[in-house]
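Subject: A structure for you to explore

Hi there,

Here is the structure I promised to pass on to you. Have a look at it first, and then read on for my notes.

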Amino acid sequence: MNRQPKFGQQSTGATATGKNASGAAAITGGAAGGTSVAGTVDRLVETLKRYWGYDAFRPKQEDVVRALVGGRDVCVVMPTGGGKSLCYQLPAVLHEKKTAVVISPLIALMQDQVAQLQQMGIPAVFLNSAVAESERQDVKRRAIAGEYRLMYVSPERAVMDSTSEWLKRVPVSFFAIDEAHCISEWGHDFRPEYRQLKKLREMIPGLPIAAFTASATQRVRHDIVEQLKLRNPLKSVTSFHRENLHYVVKECNGALQDELMFTTVKETRQGNVIVYSPTVARVGEIVDMLEENGIAAVGYHGQMGAKERRENQERWMTEEVRVLVGTIAFGLGINKPNVRAVIRLGLPESIEQLYQETGRAGRDGLPANCYLLWQKKDIGLRAYFIGKIGAAEEREKAWERYNQMQRFVKAGDCRPRMICVHFGEAVKWDKCGHCDSCAGMPASMAGERKSRKSKQSRMVVPAKRTETYAGGHNGVMGAEVNEDLQDFLREWRRNKAKEKGVPAFIVLHDTTIEALCRVKPKTREQLILVSGIGENKAELYGAEILEVIERFKKGERASNDWHARASSPTRETLELLQQGLTFEQIAERRGRKVSTVVALISSLIEKGETEFKEEWMDPAHYQQIRDTGERLGMDLLRPIKDALGEAVSYEEIRLVVAHLRRKEKDPAAKA
């Protein structure tokens, strides 16, 4: 649902106002060399409803939209899920025959946003390395003719000399820069190519520039304004406190970390879950552990092929699979409203990174849990990598982020308050009332049940929503959601998305499906009132949606086979092993790292579920590992590895140690 407030007609941000016949404040002037932009407050709402299907703006959206329509530079800090993209997309729609140029860092993000705009009936295009040269020339020709309202380009392409030459022939309305914190050397995700975006001001001097980010400290915000040479910009900073997110931070060893992660995933019965893994190798291990215990999960990391990443993301977005395990490569541009838990394993690089990751939870406004489960070894590992940074200035910034993260996890202060203070927000409250520092550890956290019983908090169980939907009508506002109808509509959406070749959320957002379940429209007129159904969506899918609802009323239900069932990594791996495949071949077949396959096989050896085979390694290496293990002990692998050096791999050590541990338990085990 779009939890919009009632629309107000204040005129903050406009460069000039007048009155039209209806008495609404007219917005004029300032855009693209002084050309006036026809538009009124009423027209803004009309456009919002026509294309996005919403009745009113979210907090601060209106101010930003009107400033940009009025030709003013803007610098916007708005939390993940706060509606940043609409702040530049709507003004772009209002500039007829002109094109807003959007600088975006990820190809996948560009493609999704363009597909979404096209589904809404808004002419949009992306221009990047994935576009063939012949298509590129056609895009440029049409852009010069003013056929697009939005054009997405990468920062690298935006500052190329060749881009500058032809872009001067395009009727550009304004520049919008997404992920603008990347321009600052003080930002947590500094990218040198972003630093060159200062050229945009020189490229077409009269155009407004809009900078957007979800996470920027005061220092970074000042740097953004300075680097982009923003002129008297509207500075809009939304509070960093999201009251529906419940933070839990806990130090634990590896075994307990896995146990708590599994328990948390298992207890999150509604919505989706994201587990952030500290390494690529751990992604596969965690997926295998969840699947082996009956929880279907998919992985996502940068070393996967683009096709596999896309397929896994789509399976998660459509809720075919509810749990996704990924590295920090996952999440940018993801708009999934009903993520009920984000679990972060290991220390993030910075508070900004943690805030971005946890910001993917609870976008629908309902309660969601954000867990940070870290180990002592994370501190040493982070310090080790910082020590490897060559440039003194970069190393200094990394140490600053390191110390801030240390204070965050070790202090007993309110977690959301520490986040807000970190970003420079003037906080007038002391406690949020529901983080681990304010309310105690959840009951599911092992070892906390007795010691903190008096202030123990329970796992957050999302309640049925009772708020009113924008666009609700006929006395059904706030009605409960029929989960069977919700599942039926999701199944239809999944099939429609596959047919169209687009992600499911581009067909319909989860919040729109939920609104449909509340309203149960019978006619197109009722359908168009549902929040999130714009005119183009009604034209594209209206008849089918009404038919699906009618079929549901007649007794049809979702099939039982569209939700994925958990596999058995153990059985699958053993079968491949018995077929004589090598570890490398098994890894390739199962889409895992070799180290993940070896870790699983080692576990099976130690439990006696498969046998160690001498042909897996050089006999001399086996002897070296055994002798070193007997001398140093076999509780930890790292001391053995340090003693043996590069000649012996971790995988070999893991296998031999598993075999030796098994022999200790069962002397009759095969030598």
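Let's start with Phe330: in this predicted model, Phe330 is buried, because its relative accessible area is 0% and anything under 20% counts as buried. Which rings does Phe330 pair with?

One partner is Tyr300. A pair of aromatic rings is described by the distance of the centres and the angle of the planes. For Tyr300 and Phe330 the centres are 5.1 Å apart and the planes stand at 65°, an edge-to-face pair. Tyr300 belongs to strand S12 (residues 297-300), while Phe330 sits in the loop between strand S13 (323-326) and strand S14 (339-345). The pair therefore links distant parts of the chain, 30 residues apart. Tyr300 is buried too, with a relative accessible area of 10%.

The other partner I'd like to show you is Trp316. Its pair with Phe330 is also edge-to-face, with 5.4 Å from centre to centre and 90° between the planes. Trp316 lies in helix H13 (residues 306-317) and Phe330 in the loop between S13 and S14, so this pair ties together parts 14 residues apart in sequence. Trp316 counts as buried, with 0% relative accessibility.

Elsewhere, ring pairs join Phe583, Phe612, Trp616 and Tyr622 into a cluster.

Charges meet rings as well. The charged end of Arg219 sits over the ring of Trp186, 3.8 Å from the ring centre. Likewise, the charged end of Arg415 sits over the ring of Phe408, at 5.7 Å from its centre.

Finally, take a look at two helices. Two packed helices are described by the angle between their axes and the distance between the axes. How do the axes of H24 (residues 569-578) and H26 (residues 594-606) cross? They come within 11 Å and cross at roughly 90°, which means that H24 is roughly perpendicular to H26. On the H24 side, the contact is made by Pro569, Thr570, Thr573, Leu574 and Leu577; H26 contributes Leu600, Ile601 and Leu604. Sorted by type, the residues of this contact are 6 nonpolar and 2 polar, with no charged ones.

Enjoy exploring!

Best wishes

Methods
Residues numbered from 1 in each chain as written. Predicted model: local features only at pLDDT ≥ 70, side-chain atom pairs only at ≥ 80, totals over all residues. Heavy atoms only, no water. Axes fitted to C-alpha atoms, helices over the stretch in contact; angles between N-to-C directions. Helix = DSSP H or I, 4+ residues; strand = E, 2+ residues; numbered from the N terminus. Parallel < 35°, antiparallel > 145°, perpendicular 65-115°, else oblique. Contact = heavy atoms within 4.5 Å. Nonpolar A, V, L, I, M, F, W, Y, C, P; charged D, E, K, R; others polar. Phe/Tyr/Trp six-rings, centres within 6.5 Å; stacked < 30°, edge-to-face > 60°. Buried < 20%, exposed > 50% of the residue type's maximum accessible area, 1.4 Å probe, protein only. Lys NZ or Arg CZ within 6 Å of the ring centre and 35° of its normal.
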